[in-house]
Amino acid sequence: MGPYWAIVSARFRMNLQYRGAAFGGIVTQLFWGLIRVMIFTAFYASTTRPQPMTLPEVITYIWLGQALLGILPWFSDSPEVAAMIRSGTVAYELLRPADLYWFWFARVAGARAGRLIMRAVPQFVLAGLFLGLQAPHSPACAAAWFIAMMLAILLACAIAMVSTISTLWYIAGDGVWQLLPVLVMLCSGAVIPLPFFPDWAQRILDVLPFRGLMDLPFRLYMGHIPPAQALPQLGLGCLWIVALVSFGRWLLSRGTGRLVVQGG
Amino acid sequence: MRDSVRLYFRYLGISVRGQMQYRWNFICSTLGHGLITGIEFLGIWALFARFGSLRGWSLPEVALLYGIISLAFALADGFSRGFDMFSVTVKAGDFDRLLLRPRSTVLQLAGQELVLKRVGRVLQASCVLWWATGALHLPWTAAHLALLVGAILGGACLFFGLFVIQATISFWTVESLEMMNTVTYGGCETAQFPLSIYRPWFRRLFTFVVPLACISYFPGLALLGRAAPGLPLLLSWVSPLAGLLFLLVSFRVWQFGVRHYRSTGS
Amino acid sequence: MSHIIVENLVKTFFVAERRAGTWGALRGLVQRRHREVRALDGISFAIEPGELVGYIGPNGAGKSTTIKVLAGILVPTSGRCEVLGRVPWRARIATVRQIGVVFGQRTQLWWDLPVVESFDLLRDIYRVAGLEYQRTREELIALLDLSPLLDVPVRQLSLGQRMRCDLAAALLHSPALVYLDEPTIGLDAVSKLAVRDFIRRLNRDRGVTVILTTHDMDDIEALCERVLLIGDGKILSDGTLDDLRARVTTERRLIVDLADGEGEVSDPQAVVVSREGGRVTLRFDPSEVTAAELIRRVTANHAIRDLFVENPPIEEVIARIYREERAWAPTGQS
């Protein structure tokens, strides 16, 4: 237990040193959330048309999104891996006795979980107490939400793995590749809650994996999707995770094979 | 003075030539950037499709505001990269080299890079603006055109000034830099919608502290022929000057930061 | 007029203190403590036009701090300083226009541009007249052998090539005074010699005043008549290398290689310092016995294959001065 505790406390201390960054990040997120809440409040006050969600639900959705923004998969997830690939030292990684894919996956998952806790918990508390974030609709909803969040983390890591591994072929930040993170944001509900998109668009979005990152867990939390209907949706999410992980592993084997052939 | 201007354009020329070397990359990046920023407007359009209006404002009217602020931001974003990236520069210790040259640090940083791909957003915002002015049947007098251009340029000055202030903060701390995003990117998003929809303290923040209202909301109202509550119409026409003023103030703040750097050494 | 006058220069920094342990880190969240560090503790010296001065000392002694103050980048806490007749930090642009600075570990050239374009840009930055620029540039290219490098982007140059280009870049505006900070660091032997040769010619033929900061004692011995030794923010020595040595010891060393690899070497006026296989190192005092006399005696009494005489390594001398200084310094300074 000794060495593990040492690592945990060292990590903890390291995070404390970056208190400025964490504080800054939280303030920024809260500010953004406020802007969007005000915008939606104004929209709701301007119409009597029925909307896909009520205003309190939208507000909850927005605050959940701000708190859990860290879950979205970015290229910057594993800068060490990206740097390794660029410099070619990724060849050394092949010498590890462990399965490379899961090794990287664990790294990404660990980093994501850490970041989430650091930023999400304070925001949850603040938004819940002062800014209109409502409690889960029912214990069953909370449970469904929790499961969906676990899946969301796995899904995010799987997507991040695919994008990182693809840098073996393409340089990540270039040209059209910059479009991908923004599309992911759009399709997950981070820009606008998905129910507000036109109905024809929603049918497409329902099939894509990205809504599993934010839209699905949030709507389970609010009871907008009743827990009873959760199973088939979560099942689809699982299928996507399996598909993305398999694709990522296949890509990696192709990519490392290519590396070995080229001599690193 | 003229010599400094010439040097500035020389710097920019070098930056542009460097980027044009990778022509295909430039085209892709510009397209990508235009599409990415275009998604913002997609969101606004979707919301108007659902709600119909926003406190009496229609989609073309909001699009006018969107066009002005996006163009202003894109221009500033494209020209102020030296300041935007300053936290990296100062951390690497490269600011000393700038101080060792017989030129103002502002000139050297302003000329560091011209990010060509921002043209993508410029084009996209221009299209939105074009559509909006058409849909609104705005009268195109010289005064209107001057106000529109003035608002965009004033806004560019304002955002440039915000990047300068962001860079100045790097002299003290690099960690809390993210908070500046609330006024730069956050300001951009805020000003896409009419200021009247926000809470009073918010409105005051973005009128008197960071004068966003002066470079988008007030000129927008003036272009639409409306008067802002409590503000004589005449003032609305000259309010973009607040952006220029803000930029000048930010340069003073910058000098203060440089003085601090030179006393503490890092 | 002296090129540089420094009088009682003091510079203190405040360094944030990190506390140990988890509890300390938590307290650090709320309350930050600062420690005062005297990087420069009242240094004084003057440098005349045309001098080539070596500025040496351990890491953290205050060398970079001094250079930064002299260049006008850093404002000192107290004291007087004049460079080329001006107070450097008050007249930054005017001062900087007349000096050249080379940092060994960092290049001032633009990474993606061909070397010659960096040069041209510097011409515009320093406002050098066209004809004068052409002349100076051609001279520097010839002296440093840069013609094959002119169209190469800086990022593709080797370290030695880059250093030569940086030297030229610092001199394009014909400064009267030049600071060189570790110009030979990491260079191969050939490049080092080329750089040394260039610095020597720069100083002797063109009268450019040079301050050379380096850890390489061979550079110092080859180039500098005058050496300033700084330690813990104070000038510990200001004079020639021999003066420096004499401060610590007048000793010299005689190293002999025995013909048969064995046997003892002894002399009444010398002390054996070390023995390694057939090599014996003897220490002696030239005021007691001359080197020639000692050699005569040793070769007469022993079978010697080879021998040479040397001074104690400068690094040792400096280390000893430094240790002495530390022993005398008042405690509780920081």
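How close do the axes of helix α9 and helix α15 of chain B come, and at roughly what angle do they cross? Hold that thought while I cover the ground rules.

This is a predicted model, where local features need pLDDT of at least 70, side-chain atom pairs count only at pLDDT 80 or more, and totals for chains, interfaces and linings use all residues. Residues are numbered from 1 along each chain as its sequence is written, while chains are lettered from A and ligands numbered from 1 in the order in which they are written.

Chain B first. Chain B has 15 helices and zero strands; both are DSSP runs, numbered from the N terminus, with at least four residues of H or I for a helix and at least two of E for a strand. Its C-alpha atoms fill a box of roughly 55 × 45 × 35 Å along the principal axes.

Now the helix pair. Helix α9 of chain B covers residues 142–169, and helix α15 of chain B covers residues 241–264. Their axes come within 7 Å and cross at roughly 15°. Axes here are lines fitted to C-alpha atoms, for helices over the stretch in contact, with angles from 0 to 180 degrees between N-to-C directions. So α9(B) and α15(B) are roughly parallel, the word for angles under 35 degrees.

Who meets whom? Gly154(B), Gly155(B) and Gly161(B) are among the α9(B) residues in this contact. Phe246(B), Trp254(B) and Gly257(B) are among those from α15(B). Contact means C-beta atoms, placed from the backbone, within 7 Å.

Last, chains B and C. Their contact takes 19 residues from chain C and 16 from chain B. On the chain C side, α3(C) gives the largest share, four residues.

Technical notes
Two residues are in contact if their C-beta atoms, placed from the backbone, lie within 7 Å. Angles under 35 degrees count as roughly parallel, over 145 as roughly antiparallel, 65 to 115 as roughly perpendicular and the rest as oblique.
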